[in-house]
Amino acid sequence: IMVIWVIAVTLFSIILFRLIFFRVQKVQVKSVKHVLGMVSIEETDLSTVNALFVTAHPDDECMFFAPTIIRLVQLSARVNLLCLSQGNYYNQGSLRKEELLSSCAVLGIPGSKVSIIDHNCQLPKAPQLKTSLSLTTEKSPTFVLTFDGRGVSGHANHTAIYKAVSHLACTGQLPTNCHLLSLETVGLIRKYLSFLELPLSWLLPSALCCMSGLRGYRQAKAAMICHRTQLLWFRYLYVMFSRYMFVNTFHIIPQGPKNLKIY
Ligand SMILES: [Zn+2]
């Protein structure tokens, strides 16, 4: 009886996860278009979309944003990456730059779309970020994806990017057709539930939800392995247990000067 139970539960979960996965894949194009305020619903690819990921360190792209990068590349969006440090903390700058380029190649971002602007170990501030953003893509990005106020791991450089981006956004310093999304930071338990967290990400409200299947997960893992200097034992645990290897949920960063009402 135990064996039958185990088989039944396993089968049920496989079916459930497959259902969720296909459901999410189906609504993804729609949610991206909704976020971007695009009207044409008919097209099924995102070839007109110019996405820019802004990260703090080489390896943030595969540790935190892999499901979204992989999915956007699949949907033929143009994907760019702006990394705001070279990770030169242990004088490994040039090595880490190479690792970043090969990790991006695995994820589907060509080297010409990767920019590294080193802020010399300083936290990125709004004015510098603005110049970096304008230097990055030849066309201004239709949407920028970055960390949220808690920066997933709480790293000061992650949260500094969010602060700089939201400062630019609420002071109206970004083009109006540029939409901003922040990667949701989840609590510790949810973070390390691995793929078991997928139903929660699916059910809870977010502006955009991107999920990886087994193939996407392998791709993210392969990208992670490119960062050889960073492969300490706990990284392997991270790859196994982090939900960010499987799913990303985003919220919209509000733009434009806030309407203050003074009575
Ligand atoms: Zn980082």
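This is a predicted model: local features need pLDDT of at least 70, side-chain atom pairs count only at pLDDT 80 or more; totals for chains, interfaces and linings use all residues.
Visitor: What makes the buried residues of α4 a face of the helix?

Guide: The buried residues are Arg96, Glu99, Leu100, Ser103, Cys104 and Leu107. Viewed down the axis of α4, they fall within an arc of 135°, and therefore they line one face of the helix. An α-helix has 3.6 residues a turn, so residues three or four places apart point the same way.

Visitor: Which elements do the buried residues of α4 pack against, and what follows the helix?

Guide: Those buried residues pack against α2 (60–63), α3, β2 (78–83), β3 (114–116) and α10, while the residue Gly108, with a positive phi near 105°, follows α4.

Visitor: Why is Gln28 called buried?

Guide: A residue is called buried if 20 or more other C-beta atoms lie within 10 Å of its own, and Gln28 has 20 such atoms within 10 Å, so Gln28 is buried. Gln28 lies in helix α1, residues 2–36, and, leaving aside residues up to four places away in sequence, it touches Arg71 and Cys210. Gln28 and Leu75 are 47 residues apart in sequence, yet their C-alpha atoms are 9.6 Å apart in space.

Visitor: How do you know which kinds of residue form the contact of α3 with α10?

Guide: Ala66, Pro67 and Ile70 in α3 meet Gly216, Gln219, Ala220 and Ala223 in α10. Because Ala, Ile and Pro count as nonpolar, and Gly is among those that count as polar, these residues divide into five nonpolar, two polar and no charged.

Visitor: At what angle do the axes of α3 and α10 cross, and what is the handedness of the crossing?

Guide: The axes of α3 (residues 66–74) and α10 (residues 214–225) come within 10 Å and cross at roughly 115°, and the crossing is right-handed.

Visitor: How do you know that the span of helix α7, residues 156–170, agrees with expectation, and which of its residues are buried?

Guide: The 15 residues of α7, at 1.5 Å each, should span 21 Å, and its end C-alpha atoms are 21 Å apart, so the values agree. The buried residues of α7 include His158, Tyr162, Val165 and Leu168, and what covers the buried residues includes β1 (50–55), α5 (126–136) and β5 (179–183).

Terms used:
Residues are numbered from 1 along each chain as its sequence is written. Axes are lines fitted to C-alpha atoms, for helices over the stretch in contact, and angles run from 0 to 180 degrees between N-to-C directions. Helices (H or I, at least four residues) and strands (E, at least two) are DSSP runs, numbered from the N terminus. A crossing is left-handed if the near helix is turned anticlockwise from the far one by less than a right angle, and right-handed if clockwise. Two residues are in contact if their C-beta atoms, placed from the backbone, lie within 7 Å. A residue is buried if 20 or more other C-beta atoms lie within 10 Å of its own, exposed if 12 or fewer, and partly exposed in between; C-beta atoms are placed from the backbone. The arc is that of the directions from the helix axis to the C-beta atoms. The expected span of a helix is 1.5 Å times one less than its number of residues.
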